[in-house]
Amino acid sequence: MVDLGLSGSLLAVVLGFVAVFCFFIQKNGCCSKSKIGDSATSTTTTTVYSGKSRSKDGNDDVDIIIVGAGVAGAALAHTLGKEGRRVKVIERDLTEPDRIVGELLQPGGYLKLQELGLEDCVEKIDAQRVFGYALFKDGKSTRLSYPLEKFHSDVSGRSFHNGRFIQRMREKAAALPNVKLEQGTVTSLLEENGIIRGVQYKTKSGEELKAYAPLTVVCDGCFSNLRRTLCDPKVEVPSCFVGLVLENCQLPHENHGHVILADPSPILFYPISSTEVRCLVDVPGQKVPSISNGEMAKYLKSVVAPQVPPEIKDAFIAAIDKGNIRTMPNRSMPASPHPTPGALLMGDAFNMRHPLTGGGMTVALSDIVVLRDLLKPLRDLNDASTLCRYLESFYTLRKPVASTINTLAGALYKVFCASPDQARKEMREACFDYLSLGGVFSDGPVSLLSGLNPRPLSLVCHFFAVAIFGVGRLLLPFPSPKRIWIGARLISSASAIIFPIIKAEGVRQMFFPATVPAYYRKPS
């Protein structure tokens, strides 16, 4: 279905068979077992005509308007402000956000944070260093460490309260003299002859104002209504997260995210401060048990608690009894932009993936680095049509990093969910055992997940290596017709998981970006 090249296919086969060999060696006791987680919303998308090129409301002229000051918006404001741009940020609520996601920054995201000069934003917020993951399944566990040997000792993942992190970035952006943060709700984009000239917004006091700039960047989060005029939003909600905070408990593996391959779907634990651990229980589908009538507490105690590691079970029950249970839908949306003169989408308003792998902030920060580098040689942004054609390269240049993290998140979620289908069960078991082998079998996938090595071909090779590993285990030591049939269905199931995600991401941009004409666009 997708031509990944002979070398990639051979690598997947080799990895799969080597993994099978290593598994059986370990199973027979011949070697030791290797050790191995945007904020502003708008009210309408109505596009309003305006013949003006400057604000009549007394605002200073600005180069760029940013809608939303979440992770993407605040980081972008600081980045462009440092480049000398005059930036106006309009955020619906400038008080500290309180969210149950956006709390884990992968090492690849931390490297981007350093590249943007924002690494100090994880300081003074009681952020915790994260060095990898621990996986639990049916009483077994394995630890997966980030391959950080080649990096500075400061490089690792970071977990924290999302709101504290955002406030630090907002403060740093607002400290620049050419960046202005204003509280207000953007109600529409202002359009003139097919060009976005600015925004109309309502201030905190209720006053209706307009602001104009050559470029408007929409970063108003996963609930964005402005995105509809700038992209083709195909939002899916595969599941919901139920969030709890465990207090004063020790995780089995310190400074690691914990993933329990539970039934029906994964459970996550990771520290968000020196005294708190975030628990996210994934509930498949768009409906969750009611919190108000006690059904949620009953579900968590009867279905989830028995699958929680015993070391933290008491703290989990105590968190349920405390009652601060929150939910949020997990959204997935491939990037499908409509290049529009005068406007650009970024962050969760533009592209979302299942938060299981904690890759959202890494993608957003990587996108900001790409956009910064594209805008750097441009002094004049007023030629909207020329700027739009040039910035089409943004959508291609971001693909290797974004598509790798997006595809991994979607595929891993489906593999980690329990299923009555025997082939899916075998795939899930094979994935756990493949990662447990350590060495290249864990380092490769973890480097993809962490954003340290975002290569799409490497992702596909490891994914099918897991599938081949699963088939090899079925056929050894003696194949049977039933096992051969399950093995064939396993390969088919793996293909059905990953190929639709790749198709949605865009095969050409994902694997062959250099063949896309926009890849070579130069500033005029």
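Modeller: Helices (H or I, at least four residues) and strands (E, at least two) are DSSP runs, numbered from the N terminus. The expected span of a helix is 1.5 Å times one less than its number of residues. Helix H10, residues 422-436, has 15 residues and spans 21 Å from first to last C-alpha, close to the 21 Å expected at 1.5 Å a residue. This is a predicted model: local features need pLDDT of at least 70, side-chain atom pairs count only at pLDDT 80 or more, and totals for chains, interfaces and linings use all residues. Residues are numbered from 1 along each chain as its sequence is written, and side-chain values use heavy atoms, with hydrogens and water left out.

Colleague: How many of the 15 residues of H10 are buried?

Modeller: Buried means under 20% relative accessible area, exposed over 50%, and partly exposed in between (1.4 Å probe, protein chains only). Twelve of the 15 residues of H10 are buried, so the helix is largely enclosed by the rest of the structure. Among them are Met427, Phe432 and Leu435.

Colleague: What lies at the two ends of H10?

Modeller: At its start, a side-chain oxygen of Asp421 comes within 3.1 Å of the backbone nitrogen of Ala423. Just after H10, Gly438 has a positive phi of about 75°.

Colleague: Is Ser159 buried or exposed?

Modeller: Ser159, in strand S8 (residues 157-159), counts as buried because its relative accessibility is 0%. Ala127 is 32 residues away from Ser159 in sequence, yet their C-alpha atoms are 5.5 Å apart.

Methods. Polar contact = N/O pair within 3.5 Å; in protein donor to acceptor, adjacent residues only side chain to side chain.
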